[in-house]
Amino acid sequence: MHPIARLDHAHVWHPFTQMRDWQKSEPIVIVEGHGTVLRDIRGKEYLDANSSIWTNLHGHGHPTINAALRRQLGKVAHTSALGLANEPASRLAAELAKAAAVAGPAAPRSPLPAPRLEKVFFSDDGSTAMEVALKLTYEFTRRTKGQKSPRFLGLQGAYHGDTVGAVSLGHIDLFHKAYAGLLFKSDAVMAPYCYRCPFNRAKPERADAREYRRCGWECVGKVEQKLDSATRRGNPYAGFVFEPLMQGAAGMIPQPTGWLKRVTDLARGHGALLIADEVMTGFGRTGGCRAEEPKRKGAVEKGSTTRMLPGSPAPLFACQQEGVQPDFLALAKGLTGGYLPMAATLTTQDVFDAFLGEYEDFKTFFHGHSFTGNQLGAAAGLASLRLLESSKSVAAREKLEAALRSMTASLWTSPHVGDVRQVGLVIGVELVRDWKKRTPFDLRERAGIRVCEAMGRRGVLTRPIGNVVVLMPPYCTTPAQAERMVAALRESVDEVLG
Ligand SMILES: *Cc1c(COP(=O)(O)O)cnc(C)c1O
């Protein structure tokens, strides 16, 4: 075993990892990265097929971000945001507010005026970005609506991070049950999962389940019932928390076009603030336009397809694709292009104003982190935004999205591929024992893990979520590299599952 791997085994405790399994084999030790390619300490090369757990946008060692960091290092790496301002954080806040204000497609259904996200609270990671949104919603509601203990509604299967507040908003039993005694109670409502929808009795087909579903938006009805009953009891929800377009850690579960707009209109109509967790979906991940409308006539009601006005900037956030303006926008993973831990929670002037007062009123938002507004992170974030907004990056993203869509079509020939679901540059492939019956593998069989291990042997790195294999390549991935990722997945499914 390599001496560095030995040190790891001796001392490093890895996240979300059964360390007994980890210690059975020599870990891959990464020493270098260029574009989509990572190199390990023994010289073997890999493709980074999940963008280093969904963080990397433009590839590793990008010259523009590297140069921005070097420039900033020549000035100063970090100064405190307690009592001091700095240039990159001020500029980044302004740029984020501008990016969040890009109008998505026309939203004729929207009944209420949209808030503008002009205030930016920086923190360190996705969990803290959500903690900030949670605390601000809680305190804003207490102050302005006189509710004693504001309540939150989230989605089944939701994941919003691992700090105690973020865990309280989440609804993944496997992760969260053990800590139940530490958590506050929050409610969950049905989220769409077309492939396993209890209302959709259509037989499985060799297509994304959103396309062959036959439904009357029963899942929207569930949200409406939940909101109605809370309002009727005189205790409406303070906040509605959701990942727009696709729930990531739930298993890359996409929402059919139109769901987001419908439920957020309902939630806002019931007075809830909209808390959008775009930690995974933000910064162009979900593409510029939605998956095509269902092709079969009469299968489902027509949703609103995204049509961008010519010459308007591409929306960077999933909410914008359905014309939804949330009251809170939580950003992290891709914020610095995947270089440094930094997060942001965007919110409105209204929320900000509720924390204004004389010093001795103590209306201050008593929350903060030592590295809030970190100068290096903000410099990387600015460089990443500039890249994202360049027409070259927009075109590359569109091309890669289309290439992946046609390449993954070949996966349907495997009887162990149940669902292939793509939103922009995120793909979840759900493995099943038998596609005709959608029979899941037992988690104990570790089907997803074994397939990803086989992909690793073929030089493609990604991680599964249960039985869902994730492909989420950096935007600089070439069609040839994308083809190698898809081929490795196809071959590994055949090898491992037969
Ligand atoms: C990863 C993730 C988080 C947590 O972010 P960390 O940076 O890991 O704390 C929160 N929400 C979503 C949707 C995520 O994907």
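The side chain of Asn467 has a polar atom 2.9 Å from the backbone oxygen of Phe441, a polar contact (a pair of N or O atoms within 3.5 Å; within protein, one must be able to donate a hydrogen and the other to accept it, and residues adjacent in sequence count only if both atoms are side-chain atoms). The model is predicted: local features need pLDDT of at least 70, side-chain atom pairs count only at pLDDT 80 or more, and totals for chains, interfaces and linings use all residues. Residues are numbered from 1 along each chain as its sequence is written, and side-chain values use heavy atoms, with hydrogens and water left out.

**Loop residues**

- Asn467 is placed in the loop between β17 (464-465) and β18 (468-471); helices (H or I, at least four residues) and strands (E, at least two) are DSSP runs, numbered from the N terminus.
- Asn467 is buried, with a relative accessible area of 11%; buried means under 20%, exposed over 50%, and partly exposed in between (1.4 Å probe, protein chains only).
- Leu356 lies in the loop between α13 (349-353) and α14 (375-389) and is partly exposed, at 43% relative accessible area.
- Arg233, in the loop between α10 (218-232) and β7 (239-242), counts as exposed because its relative accessibility is 55%.
- The C-alpha atoms of Arg233 and Ala10, 223 residues apart along the chain, are separated by 55 Å.

**Ligand surroundings**

- A backbone N or O atom of Gly126 lies 2.8 Å from a ligand oxygen atom.
- Polar side-chain atoms of Ser127 and of Lys333 each lie 2.6 Å from an oxygen atom of the ligand.
- The protein covers 84% of the 380 Å² of accessible area that the ligand has on its own (Shrake-Rupley method, 1.4 Å probe).

**Nonpolar core**

- The largest nonpolar core has 93 residues, of which Leu92, Leu96, Phe240, Met252, Phe283 and Leu489 touch the most other members; such a core is a set of buried Ala, Val, Leu, Ile, Met, Phe, Trp, Tyr and Cys residues joined through side-chain atoms within 4.5 Å.
- Helix α17 (residues 479-497) gives the most to this core, with seven residues.
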